[in-house]
Amino acid sequence: MKTCKQYKSKLANYLAGKLSTDQSVDVAAHLKICPGCRIQAEKMEKLADAFLSPSNVPVNPFLYTRIQNRLLTPTQPKKSLVARFLQPAAYVVVLFLGIYLGIQLGYSTKSDTASSYADAYVESLYFNEMKLDPITTNLLQAEEETEIDKMKKEENDENQQ
Amino acid sequence: MTDNLVTAILRGEQEAFKTLVDTYQQMVLNVCYGFVQDQDDAQDITQEVFIQVYQKLPTFRKDAKLATWIYRIAVNYSLNYIRSKKRRGFLSSIDELFETTHGNEDALQSQSEEADSSLLAAEDEQILKKALEKLPKKQRVALTLSSLQELSYKEVADVMNVSVNQVGVLVTRGKKKLYTYLQKSM
C-alpha cells in the first residue's frame, strides 16, 4: 500500500504525461479516492493551464496609432561615454581655473597711489624700530645694569671694611 | 502575399504596414504575454516589437517566413524585458526599504480592498510567475511558443533554430519542471 507522500512525488510526472500507462492508472485511481492529493493535483493543473492553454490577450485598438507616433517622433541619440563624463569634467576644470586666476589677479594688483606709498613707509618704519630697539633687549639691558650696580656696591662695601 | 506586403512597406506604403500590424498583432501579443504574464507589459513590448520590425524590415531575407522572423523578434524582446525587469526589481526593492508609508492612506485602503477581492488570483499568479522564472530559458521559450495555438512544433523549431525532436524534448522536460516547481511553491 503506497502512501500519499509517494503519490505526491509522482504528481509532476503524472500531469506532464511522463508516467507509464500502468503508473498513470495507479495515480489516477488514488486521486479518485484521496481528496487531499486530488485538490493539489487540480490546483497544479489549473495553474499550469493558465500558462499552457492561454486565451487570447485583448488587443489594443490604438496600437497602430501609438507605433506611428513613436516612428514619427525622432529619438534623441544617446550621449557617448566621453561626452557624458568629459563634458562635466571640463566644466569643473574651467571653473576652478577661473577662481584660481581671479585670486592670483587680486594679489598681483598694486595701486601706485600716495596712500599706498605712505602705508608701505609706515610698515617698514615699525618693522625697523622693532628690530633695532625691541622691548626684550631693553629689559635685558636694565637687568644687566642692576646686576653690575649691585656688584659695584658690594665691592665698595668690602673695601670700606 | 508576404512578399508583396514587405515590398509595399519598403516602398513606404503606410497602409501596408497597418495591414502587417493588424495581421500579426494578436500573435505577437500572445507570445509576449506568455513570457511576461502581464497584459500592460505585453502591450508595451508588442509596440516595441513592431517598431523594430519596421526598422529592420530592409534586412529581412525573403527566403525566411515573415511570421517566424516576427516571432523571433518578439521572443528576444520579451527575454530582454524579463532580464531588465529583474535588475529594476532589485533596485526598486532597495527603494521600497526607504519608502515611507504615511501620506498614502487612501491608496493603501483601496489597495487592501482590491486585495481582498482578488487575493487568491494574485497569489496563484505569483506562484505561476515564480515557477516560470525558475524554468531554463530554452524550455521556457519552447513551452511558451508551443502553448500558442497558432504555432506547430515545426514553426517553434524554426523560431528557436533547433530540430523538431529537440522542441519535443524541451516541451516535455519543461512541463515536468513546471509542475514540480508549482508543487514546491504551493
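A salt bridge here is a side-chain nitrogen of Lys or Arg within 4 Å of a carboxyl oxygen of Asp or Glu. Keep that in mind for the views below, and remember that this is a predicted model.

**View 1. B:E48 pairs with A:R70.** The closest N and O atoms of B:E48 and A:R70 sit 2.5 Å apart, so the pair makes the cut-off of 4 Å. Side chains of opposite charge can pair when their charged atoms come close.

**View 2. B:D124 meets A:K46 in a salt bridge.** Here the closest N and O atoms are 3.6 Å apart. B:D124 belongs to helix α6 (residues 119-134) of chain B and A:K46 to helix α3 (residues 35-52) of chain A, so this pair joins two chains.

**View 3. The interface of chain B and chain A.** On the chain B side, 39 residues touch 31 residues of chain A. About 3,400 Å² is buried between the two chains, and carbon and sulfur atoms give 66% of that area.

**View 4. A patch of positive charge on the surface of chain B.** B:R83, B:R87, B:K137 and B:K138 gather here.

**View 5. A negative surface patch on chain A.** This one is made up of A:E143, A:E144, A:E145, A:E147 and A:D149. To place one of them, A:E145 sits in helix α7 (residues 135-160) of chain A.

Methods: Residues are numbered from 1 along each chain as its sequence is written. Chains are lettered from A and ligands numbered from 1 in the order in which they are written. This is a predicted model: local features need pLDDT of at least 70, side-chain atom pairs count only at pLDDT 80 or more; totals for chains, interfaces and linings use all residues. Side-chain values use heavy atoms; hydrogens and water are left out. Patches are made of residues with over 30% relative accessible area and no salt bridge: like charges are joined within 9 Å, nonpolar side chains (Val, Leu, Ile, Met, Phe, Trp, Tyr) within 5 Å. Accessible areas come from the Shrake-Rupley method with a 1.4 Å probe; for residues, only the protein chains shown count as cover. Lys and Arg count as positive and Asp and Glu as negative; His and the chain ends are not counted. The place of a charge is taken as NZ of Lys, CZ of Arg, CG of Asp or CD of Glu. Contact means heavy atoms within 4.5 Å. Buried area is the accessible area (1.4 Å probe) that two parts lose on being put together, summed over both. Helices (H or I, at least four residues) and strands (E, at least two) are DSSP runs, numbered from the N terminus.
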